[in-house]
Amino acid sequence: MPNQPMLRIAVPNKGSLAETAAQMLWEAGYTGRRDPRDLHTADPRNGVEFFYLRPRDIATYVGSGALDVGITGRDLLLDSGSDAAEIAPLGFGDSTFRFAGPAGAFSQLADLEGVRVATSYPGLVGDFLAGHGVTPAKLVKLDGAVESAVRLGVADAVADVVSTGSTLRQAGLEIFGPVILDSEAVLIGSGVDKPSAATLLRRLQGVLVARQYVLLDYDIPVEHLERATAAAPGFESPTVSPLQDPEWVAVRVMIPRIDMNHVMDELYSLGARAILVSAIHAARL
Ligand SMILES: Nc1ncnc2c1ncn2[C@@H]1O[C@H](COP(=O)(O)OP(=O)(O)OP(=O)(O)O)[C@@H](O)[C@H]1O
Ligand SMILES: O=P(O)(O)OC[C@H]1O[C@H](OP(=O)(O)OP(=O)(O)O)[C@H](O)[C@@H]1O
Ligand SMILES: [Mg+2]
């Protein structure tokens, strides 16, 4: 891309999202950093530059327009209060954001009125509480290990990322109240329209499709075709090809990987044979 300015992409340099983000970009055909300490690398062949930043700071850089797009968590984006906008979910880094307190001490959101709540995400939590008309005594801002705040007496309840829930359990805390947020890694943008940003998005979506879908081939008697394609309708429309035996056809569809065995069982019971599944290595839909 000779005459176009390079697309400037923010990528997590460490933490929970860094490894999968780098892997996804690599699968999408981009050349990332060789040395894990590099802060910046250019990939001129693809017309992009990567800036390796703390995931918490990525929305700030993108929102200010210093960088064009970035990969971060939805929770971090909302907490930042930045002007950056979510472009698309990226299918990894799932977590929920929840309130927790000592077993039996809290049962509903209103119980947080007038108490101290510790969190690393004061923007997100403050907005949520204000939106629900609850005023805590104080939001105690901590950098991490928030679950220890209650035991150590600096807060009465916490609000934090929950994945398996084991950190909360170990700290003797229980989740209560509504889900503050369902989060995952997202592509964010500053609103500037660069064609290379659309290419990046299409490539990342191609990686998601390749991970989440498989190709399914099977042969089936023509008379059962309608029921079979209803059971596995595919992404747009199944490819149906004639076979030498005029009473049979061959069908090809994309199906979600998680449905694979269930769909194969169902097609077999409908009379399909030679049912084959293959992986998708790359895709543009
Ligand atoms: N088990 C998890 N623990 C922490 N963050 C997670 C987890 N699963 C997904 N995430 C997401 O990762 C992002 C947090 O990234 P961050 O780099 O701060 O992770 P971290 O592991 O807490 O790193 P650090 O503690 O070194 O800052 C958030 O978007 C969060 O929702
Ligand atoms: O529900 P779980 O599977 O136990 O995971 C959630 C925990 O993991 C993260 O902590 P991290 O390891 O990032 O440490 P930190 O609190 O210092 O950021 C998060 O802040 C929670 O504490
Ligand atoms: Mg952390």
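Colleague: Where does A145 lie?
Modeller: A145 is in the loop between β8 (138–141) and α5 (148–151); helices (H or I, at least four residues) and strands (E, at least two) are DSSP runs, numbered from the N terminus. This is a predicted model, in which local features need pLDDT of at least 70 and side-chain atom pairs count only at pLDDT 80 or more, while totals for chains, interfaces and linings use all residues. Residues are numbered from 1 along each chain as its sequence is written, and chains are lettered from A and ligands numbered from 1 in the order in which they are written.

Colleague: What is the phi of A145?
Modeller: Phi of A145 is near 45 degrees, a positive value in a residue other than glycine. Most residues other than glycine have a negative phi.

Colleague: And how many C-beta atoms are around A145?
Modeller: There are 13 other C-beta atoms within 10 Å, so A145 is partly exposed. On this scale a residue is buried if 20 or more other C-beta atoms lie within 10 Å of its own, exposed if 12 or fewer, and partly exposed in between, with C-beta atoms placed from the backbone.

Colleague: What about A274, buried or exposed?
Modeller: A274 counts as exposed, because it has 10 C-beta neighbours inside 10 Å. A274 belongs to strand β15 (residues 273–279), and its phi is near 50 degrees, which is again positive in a residue other than glycine.

Colleague: Back to A145. Which residues are around ligand 2?
Modeller: A145 is one of them, and the shell also includes G144, V146, E147, D160 and S163. A residue is near a molecule if its C-beta atom, placed from the backbone, lies within 6 Å of it. β9 (157–162) and α6 (166–170) are the elements that give two or more residues to the shell around ligand 2, and β9 has the largest share with 3 residues.

Colleague: How many residues surround ligand 1?
Modeller: The shell of ligand 1 has 15 residues, the closest being G15, S16, G73, S95 and S163. By class there are 5 nonpolar, 8 polar and 2 charged residues; Ala, Val, Leu, Ile, Met, Phe, Trp, Tyr, Cys and Pro count as nonpolar, Asp, Glu, Lys and Arg as charged, and the others, Gly among them, as polar.

Colleague: Which domains does the shell around ligand 1 draw on?
Modeller: At least three residues come from each of domain 1 (7–92 + 184–193) and domain 2 (95–182). The bounds come from an automatic or database domain assignment, which also gives domain 3 (214–279). The C-alpha centres of domain 1 and domain 3 lie 39 Å apart.

Colleague: Where does the largest nonpolar core lie?
Modeller: Of its 58 residues, V11, V62, A157 and V158 touch the most other members. Domain 1 and domain 2 both give residues to this core, so it lies between them. Such a core is a set of buried Ala, Val, Leu, Ile, Met, Phe, Trp, Tyr and Cys residues joined through C-beta atoms within 7 Å.

Colleague: How many bridges join β12 to β14?
Modeller: Strand β12 (residues 213–221) and strand β14 (residues 248–256) run antiparallel and are joined by 9 bridges; two strands pair if DSSP finds at least two bridges between them. W248 in β14 is the bridge partner of P221. β13 (residues 239–242) is also antiparallel to β14, with 4 bridges, and the two form a hairpin with 5 residues between them.
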